[in-house]
Amino acid sequence: MLKINNIKIDVNTNNGLFGAFHTFKSGLNIVRGNNTSGKSSLFQAIVYALGFEELIGGRFEKTMQSVLKDQVEYPKNTFHSVLQSFVLLEIENTNGDIITIRRFVQNPNRKSQLIDVYFGSLSANDSLESRPMFIHDNGGASDENYGFHLYLEEFLNWELPKVLTNKGELRKIYVQQIASSFIIEQKSGWSDFFATMPIYGLNNKEARIVEFILDMDVYGNKMKKQELGISKRILENDWLNLNKRFERFTEKGGGKLIGLSQYPMIINNLEEINILLSKDETDHSISNYLDLVINEFDTLNLIETVSVKDKVGDNENLIVKNEEKLNQISFDVEMISSELTFDQQKLSNFNYQLENLNEDLRKNKGAFKVQKMGAEIDLKVSENNCPSCNQEINDSLLPLSVKQVPMRLDDNIDFLSAQIKMLQVNIESLESKIISKDKKLKNLRGLQNNLRSQIRELKKELTSDDRLPSIVDIEYRLNLKKRIEFYSKYLEDFTELKDELSLLSIKWKKILEDQEKLKKDTFSVNDIDKLKSLTDNFKSLLSKFNYSSKTINDIAISDENYLPLAKKPNDNLVYNIRFDSSASDFVRSIWAYTCSLYKTSSAKNGNHPNLLMFDEPKQQDLSINDFTNFLKELSTYKSAQTLLFASFENSDETFSKATDGIEFHLNYINEKLIKPVE
Amino acid sequence: MELYAEKITFSKKPISIPPEYRPSYSIALIVLILKICCQGSKSSLLKLHLINWALKSNENKDSLKKFVLSNYTESSKTWGIEPSLNRALNYSVHEEICSIENGKYILLEKGEIFFSKIVENPEFLNEEIDFLNFLGKRKITDNRIDSIFKKWKSQNA
């Protein structure tokens with residue numbers, strides 16, 4: 001259990017000490033304050049003291065409102081600048097142990113990754129021992145001695161599970177990630193379930209958090225599942241590579257690949273995968289094509305060779321046609337080769353520029369280094385001051401009359417690195433352009449040569465003896481023979497490639513089977529019970545809060561990530577509840593989900609810290625009636641602590657109406673949160 | 001004509017400048033040249049300018065290398081005089097890294113310390129140091145520079 005006893009904020013300004021102090025009790029605490037009174041600053045200060053400020057969208061003091069780090073406005077339109085400020089937060093665990101956390105927001109001499117932990121209640125006893133701890137630093141969550149979140153984990157008696165990251169490493173869940181399940185922040189917290197959770201490369205993070213909160217047995221099986229997911233990814237990669245090899249192979253034979261998808265699939269019939277080769281404007285599979293060619297060759301061999309005389313007319317026509325083609329191709333060759341020369345020139349220019357930039361970058365890094373060394377031996381120029389007159393010198397040797405401000409050295413290094421990156425991208429794309437043009441050019445030249453020799457042969461034939469057999473004809477036969485040899489070998493190689501494919505297909509099938517099996521026996525009896533309880537709680541709360549976008553019966557909790565799903569009526573299609581809920585109903589479902597996580601955990605002995613924090617839960621013009629129902633529900637959580645921050649539309653009437661007949665502890669922010677301290 | 005904007009303001013953005021214009025880099029080069037290439041860590045202004053010019057680019061380095069390797073017969077190019085080096089020298093004198101004696105720059109104790117710090121961990125300055133080591137203390141002497149200088153004078157006379 002995590003209970004917040006009180007919070008104290010101290011802000012030293014140039015006009016004296018300002019601050020705030022609030023105490024909280026078990027059960028429902030309402031923090032009421034008008035808009036701009038500083039209600040959210042209080043919420044954020046609590047989150048900050050616990051080191052959870054990533055839920056507000058960032059790290060360190062920059063996430064805090066300006067009243068804690070820049071200036072205090074009190075009374076209206078009178079400003080005092082902040083010299084130093086900190087938050088003191090007193091929290092208690094299940095055993096009744098109390099610690100007080102102190103974290104600075106503004107302090108020129110202290111880093112905000114430092115937290116002081118006092119072992120006890122500082123408000124009751126101000127001579128307590130304290131210990132500095134680190135947060136968000138490398139090792140913030142794993143350093144045995146000084147990591148605050150590791151300490152917090154122990155304090156809460158949590159044992160955070162290790163989970164697999166996207167990279168396949170085992171790592172602990174972070175406390176901040178779990179916090180997103182019970183702390184709902186105002187600006188983005190109402191936009192989705194666990195909307196503010198930091199990612200940290202965690203797979204399916206929502207599911208891991210729910211499993212931890214409800215203390216489910218599913219964890220071990222989930223690990224297997226994740227491992228399976230990784231081997232799936234590897235296989236997908238192998239498949240893609242093989243697919244590429246198939247494509248290259250197809251290109252070599254000048255055909256068209258059919259039947260192979262880019263993504264893994266179970267292939268029952270390997271014959272479906274084939275390469276189509278075209279002959280006489282129809283496509284044929286490799287073996288059919290081979291049959292056709294062999295057939296043609298055999299029939300040609302049967303008939304007698306044609307003599308030159310019979311072919312004169314045909315040959316003349318062919319020559320004209322071929323010459324036309326040759327002209328077109330020669331023109332293309334001319335065009336492309338001049339483009340290519342231009343591109344190559346450009347590339348060598350780029351490379352020269354890149355070389356210069358790299359040299360510049362190296363020298364700049366050197367300069368940066370010696371600047372630091374210079375500072376070590378107290379060179380004034382290293383601190384940008386003139387050694388004789390102490391005036392600022394701008395870190396440059398340019399004459400003073402040049403009125404330009406040079407970049408700082410480190411900025412200059414970044415600037416150059418960015419330029420280099422840009423140039424590298426340019427070079428890469430230019431190179432690939434050159435390669436493809438080169439290929440095209442070679443191709444065209446090949447065609448050119450072919451046509452020329454054909455024309456030559458034809459002409460030669462026209463001038464030769466009429467009675468001789470046609471050379472063109474003979475050459476055609478030779479050509480056929482060559483083709484038969486090539487495609488026989490091609491067919492063999494293709495079969496080998498297909499064997500590799502079938503191996504991958506078998507592996508893929510195994511993975512799918514394993515996956516299916518895991519799905520079946522993932523959940524233990526306890527887990528099923530917990531999930532049922534979560535679903536029941538969620539549904540009953542939805543109807544209590546007057547959710548009306550869907551009938552409650554069509555709503556379920558996903559087995560995969562434990563988030564609410566909506567089902568299409570008369571259909572088995574399910575999807576995220578968000579897509580079919582009105583804006584206000586979606587807020588209701590976040591209320592219901594957050595509450596049911598707590599309720600289920602509390603009934604089934606889960607790991608929920610029994611703390612709920614909501615900032616401005618009355619979003620989207622929700623009716624007061626439903627809001628009252630929400631407050632009523634929260635007020636029944638006697639063994640938990642709820643901190644609810646709301647403005648009640650800045651009206652006393654709304655407030656008394658909404659809280660009518662509800663038991664709660666009130667913290668009223670009168671006027672402003674941060675006020676002068678007497 | 002109608003103006004779309006009532007007021008246009010320009011703000012000056014910092015610009016990128018070559019590392020040779022950074023005081024710390026130039027001072028580091030001065031220290032390296034004096035220590036590695038000069039007998040008694042002592043040099044004339046002209047020699048500092050020559051070597052500093054050579055370090056500016058690979059082309060310059062190659063040209064000086066060629067001149068030395070050809071046994072000083074290859075027609076020597078003219079080299080540039082960089083005002084920024086003069087400013088860096090002024091800073092060095094006031095930082096007490098070097099001082100002027102009889103018109104020559106001589107390395108002081110603080111400069112020696114700076115030198116040892118740089119050589120301990122040269123990293124990005126290795127190329128400069130390698131080139132200076134190639135030159136050494138004997139290849140480019142003040143006499144040599146004087147004779148080149150005289151040659152120019154007679155050519156231009």
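This report walks through a predicted two-chain model, from the overall picture to a few local details.

## Ground rules

Residue numbers start from 1 along each chain as its sequence is written, while chains are lettered from A and ligands numbered from 1 in the order in which they are written.

## Chain A at a glance

Chain A holds 14 helices and 21 strands. Both are DSSP runs numbered from the N terminus: H or I with at least four residues for helices, E with at least two for strands. Of its 678 residues, 30% are buried. Here, buried is 20 or more other C-beta atoms within 10 Å of a residue's own, exposed is 12 or fewer, and partly exposed is in between, with C-beta atoms placed from the backbone.

As for contacts (C-beta atoms, placed from the backbone, within 7 Å), take those in chain A between residues at least 6 apart in sequence: 65% of them join residues at least 24 apart.

## Where the chains meet

The contact draws 33 residues from chain A and 29 residues from chain B. On the chain A side, helix H8 (312-376) and helix H9 (409-463) are the elements giving two or more residues, and H8(A) gives the most, with 13 residues.

That side of chain A splits into 15 nonpolar, nine polar and nine charged residues. The classes go like this: Ala, Val, Leu, Ile, Met, Phe, Trp, Tyr, Cys and Pro are nonpolar, Asp, Glu, Lys and Arg are charged, and the others, Gly among them, are polar.

## Strand S3 of chain B

Strand S3 (residues 104-107) of chain B has two partners. Strands pair if DSSP finds at least two bridges between them. Strand S1 (residues 42-43) runs antiparallel to S3(B), joined by two bridges, and Ser43(B) sits opposite Tyr105(B). Strand S2 (residues 98-101) pairs with S3(B) over four bridges, also antiparallel, with Glu101(B) bridging to Lys104(B).

In the S2(B)–S3(B) hairpin, two residues lie between the strands, and Asn102(B) takes a positive phi near 50 degrees.

Asn610(A) isn't a glycine, yet its phi is positive, about 60 degrees. Asn610(A) belongs to the loop between helix H12 (583-603) and strand S18 (611-615), and is buried because 20 other C-beta atoms lie within 10 Å.

Glu123(B), another non-glycine, has a positive phi near 45 degrees. Glu123(B) lies in the loop between helix H5 (109-120) and helix H6 (126-135) of chain B, and counts as exposed, with 10 C-beta neighbours inside 10 Å.

Terms used:
Predicted model: local features only at pLDDT ≥ 70, side-chain atom pairs only at ≥ 80, totals over all residues. Contact = placed C-beta atoms within 7 Å.
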